[in-house]
Amino acid sequence: MSEVTNPMRPMLGTLMGTRHLADDIKLLQIELNGGTFEYQPGQFAFVSAFGVGEAPFGLASTVERTTALEFAVSRVGTVTSALHALEQGAAVGVRGPLGNAFPLADMRGKNIIVLGGGIGGAPLRPVIHSILDNRTEFGRLTIL
């Protein structure tokens, strides 16, 4: 495995924007400063607040919809509080992608039910976007 494709090696990124989703939940939009980051719906990455630590977050974006990596971050501790306090343009670290992806290829032609709530809906967002972006390949989509 080369250093460029090693998911355990942190990459430097820039916080390009944030969006308030709910009380104490922000969507962080991060652009990587070089390097490749190929991921699929269902995978996650560690995001670092330099000098504080890192924490894992499910990816809430798809490569088809944005070049930014998006993460929904709930402020619950030291690292997430530090990430919430960052200003646009701040440097962050990103390590990944890690974990298994959803088996979207196996779901083609089938009716799909997506069930999630609260912050648990964020990692389901890429699944929903992927199905909507390839609507003719799937049966009925129900989101609960």
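Predicted model: local features only at pLDDT ≥ 70, side-chain atom pairs only at ≥ 80, totals over all residues.
Me: Which residue does Arg108 form a salt bridge with?

Reply: The general idea is that side chains of opposite charge can pair when their charged atoms come close. A salt bridge here is a side-chain nitrogen of Lys or Arg within 4 Å of a carboxyl oxygen of Asp or Glu. For Arg108 the partner is Glu137, with the closest N and O atoms 3.1 Å apart. Glu137 sits in the loop between helix 3 and strand 8 (141-143), and Arg108 in the loop between helix 2 (104-107) and strand 7 (112-114), so the pair ties together parts that are 29 residues apart in sequence. Those helices (H or I, at least four residues) and strands (E, at least two) are DSSP runs, numbered from the N terminus. Glu137 is partly exposed too, at 31% relative accessibility.

Me: How many salt bridges does the structure hold?

Reply: There are five salt bridges. One of them joins Asp24 to Arg75, with the closest N and O atoms 2.6 Å apart. Asp24 belongs to the loop between strand 1 (11-22) and strand 2 (25-32), and Arg75 to the loop between strand 5 (69-74) and helix 1 (78-85), so this pair ties together parts 51 residues apart in sequence. Both partners are partly exposed: Asp24 at 36% and Arg75 at 38%. Asp24 has another feature worth a look: its phi is near 65°, a positive value in a residue other than glycine.

Me: Where does the salt bridge of Asp133 lead?

Reply: Asp133 meets the side chain of Arg65, 2.8 Å from N to O. This pair links distant parts of the chain, 68 residues apart: Asp133 is in helix 3 (residues 125-133), and Arg65 is in the loop between strand 4 (53-58) and strand 5. Asp133 is partly exposed at 38%, and Arg65 is partly exposed at 42%.

Me: Now the strands: how many bridges join strand 3 to strand 4?

Reply: Two strands pair if DSSP finds at least two bridges between them. Strand 3 (residues 44-49) and strand 4 run antiparallel and are joined by six bridges. Within the pairing, Val47 stands opposite Ala55 in strand 4. The hairpin of strand 3 and strand 4 has three residues between the strands, and Gly51 takes a positive phi there, near 85°.

Me: What angle do the ring planes of Phe44 and Phe46 make?

Reply: A pair of aromatic rings is described by the distance of the centres and the angle of the planes. Rings of Phe, Tyr and Trp (its six-membered ring) pair if their centres lie within 6.5 Å, and planes under 30 degrees apart count as stacked, over 60 as edge-to-face and the rest as tilted. The structure holds two aromatic pairs. In the one formed by Phe44 and Phe46, the planes are at 65° and the centres 6.0 Å apart, so the pair is edge-to-face. The charged end of Arg95 sits over the ring of Phe46, 4.4 Å from its centre; that takes NZ of Lys or CZ of Arg within 6 Å of the ring centre and within 35 degrees of the ring normal.

Me: Is Glu70 buried or exposed?

Reply: Glu70, in strand 5, is buried, with a relative accessible area of 8%. Its side chain makes a polar contact (N or O atoms within 3.5 Å, one able to donate a hydrogen and the other to accept it within protein; residues adjacent in sequence count only if both atoms are side-chain atoms) with the side chain of Arg125, at 2.7 Å. Leaving out residues up to four places away in sequence, Glu70 touches several others, including Leu27, Gly58 and Ser61. Contact means heavy atoms within 4.5 Å.

Me: And which residues does Met11 touch?

Reply: Among them are Leu32, Phe37, Val92 and Gly96, again not counting residues up to four places away in sequence. Met11 is found in strand 1 and counts as buried at 12%. Gly96 leads on to Pro97 through a cis peptide bond, with omega near 0°.

Methods: Residues numbered from 1 in each chain as written. Heavy atoms only, no water. Buried < 20%, exposed > 50% of the residue type's maximum accessible area, 1.4 Å probe, protein only.
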